[in-house]
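Good morning, and thank you for coming. Please look at the model on the screen while I speak.

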Amino acid sequence: MAYQNFPEDEKVKEYVDAVDRLYQVDSSYYSDITMFFHDRAITCSPFLDDENREKKRYAVIEGDGSVISSDNIFEDMKFTDQKDNYLVVDAQKGLQIINSEGYPIAGNSEVVSGAGIQVQFEGCASVEEDGKQYLLNSELKKSKDSWDFAGTFSNGIAPVRVGDKWGIITMDHISSDSSLCKYEDIKVDEFGRCLNNDRMFVKSSGKYYLMNAEQEKVVETSFEDADIFVSEQPAAVKINGKWGFVSIDGEMVIQPEYEDALSFSNGYAAIKKDGKWGLINRSNKVVVEPGYEQMKYMSTKGLMPVKDE
C-alpha cells in the first residue's frame, strides 16, 4: 500500500485547528455534514421561513473547508457520481439532478418528498414512497420492484432489505425476490453503499463476517459489529465488547481496546475512549486526544467533520 499521500504525523497539529472549522465554516454552524465524496461534503442547516415552516438550507464545501455553493434551499440534497452534479428534491419541481450552476439535467416531478432518497452512484439512486424504496435510473424513472430498504450501487452491487432480511442485488439481476435476502444485516455507509475494495460485512447467525463481492467469506473470523471499509485501509470491528481494526485480508492489525471506532480514512481513524472521540494514526498513536461528541471520516486534504458540545 502507498502512504505517501497521507498527512505526516507532525502535521496533524496543523489540522487540529482546521478540524473545528468544519462545523464553523464562514462563521456558520451546521446541524449535519456528510462524509466526504469527490473530496466534497454537503452541509445542512434547518431554519424557519417567514411562515414559521421548517426549511433546510444546503451548502457544498471542499475538503479544505472552503464553500463551493450555499443557500440551496431544498427538501433534500445528495451526491451523484458526477462531481459537479447533485440529486435534489425541490418542493415545487420535485426530484431533480442539477449541475453546480443549478441547471436541471433530469427530473421527476412526481417525487416531492425528501424522505429516503439515496445518492446516485453507477447510474442508480433510490427513493422512498409509501413506506417502500424504489430504484431510480439516470433519468430518474422508478423501478417496478420495491424493497423495505434499497441501498446504493457500488462496484455493481447494492444492499437491499425485504422484511427483516438483507440481500445483495446486481445490475444484471435487480429483483425484490425475498429468496435473495438471507442475511440478518449488511453494513452500509451513510450513502447506502456496502462494498468497498471488494469487501463488505454481513451478519449471519448473530455474527458479522468479512466477505467479498461474490459473497464468499474472506476469513472465518466473526465479529460482534463492524464498520464498512472506507478505503483499502483497515476497518473497525468489535470483538468481546471492544473495537479494533482489521485489514482487507481479515488480519487484526490493531487489537480491540476502544469503546467505539470508525474505519481508517486517509491514514487516520476516529476512536471513542472515556465517552469522547479522538483520532489515531496507523500505528495506533493518539494524535488528537478524545474530546469530541462525534467525529466522521477524514478527507484526503486532512479535514474531518466533528461535533463538539
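I shall speak about the nonpolar cores and then about the salt bridges.

This is a predicted model, in which local features need pLDDT of at least 70 and side-chain atom pairs count only at pLDDT 80 or more, while totals for chains, interfaces and linings use all residues. Residues are numbered from 1 along each chain as its sequence is written, and side-chain values use heavy atoms, with hydrogens and water left out.

A nonpolar core is a set of buried Ala, Val, Leu, Ile, Met, Phe, Trp, Tyr and Cys residues joined through side-chain atoms within 4.5 Å. Buried means under 20% relative accessible area, exposed over 50%, and partly exposed in between, with a 1.4 Å probe and protein chains only. The largest such core has 29 residues, and F191 and L279 are among those with the most contacts inside it. Strands (DSSP runs of E, at least two residues, numbered from the N terminus) contribute to this core, and its largest share, 3 residues, comes from β28.

We turn to salt bridges. A salt bridge is a side-chain nitrogen of Lys or Arg within 4 Å of a carboxyl oxygen of Asp or Glu. By this rule there are 12. One of them joins D84 and R40 at 2.9 Å, N to O. D84 sits in the loop between β5 and β6, and R40 in strand β2, 44 residues apart. Is R40 buried or exposed? R40 is buried, because its relative accessible area is 8%; D84, at 37%, is partly exposed.

Notes:
Helix = DSSP H or I, 4+ residues; strand = E, 2+ residues; numbered from the N terminus.
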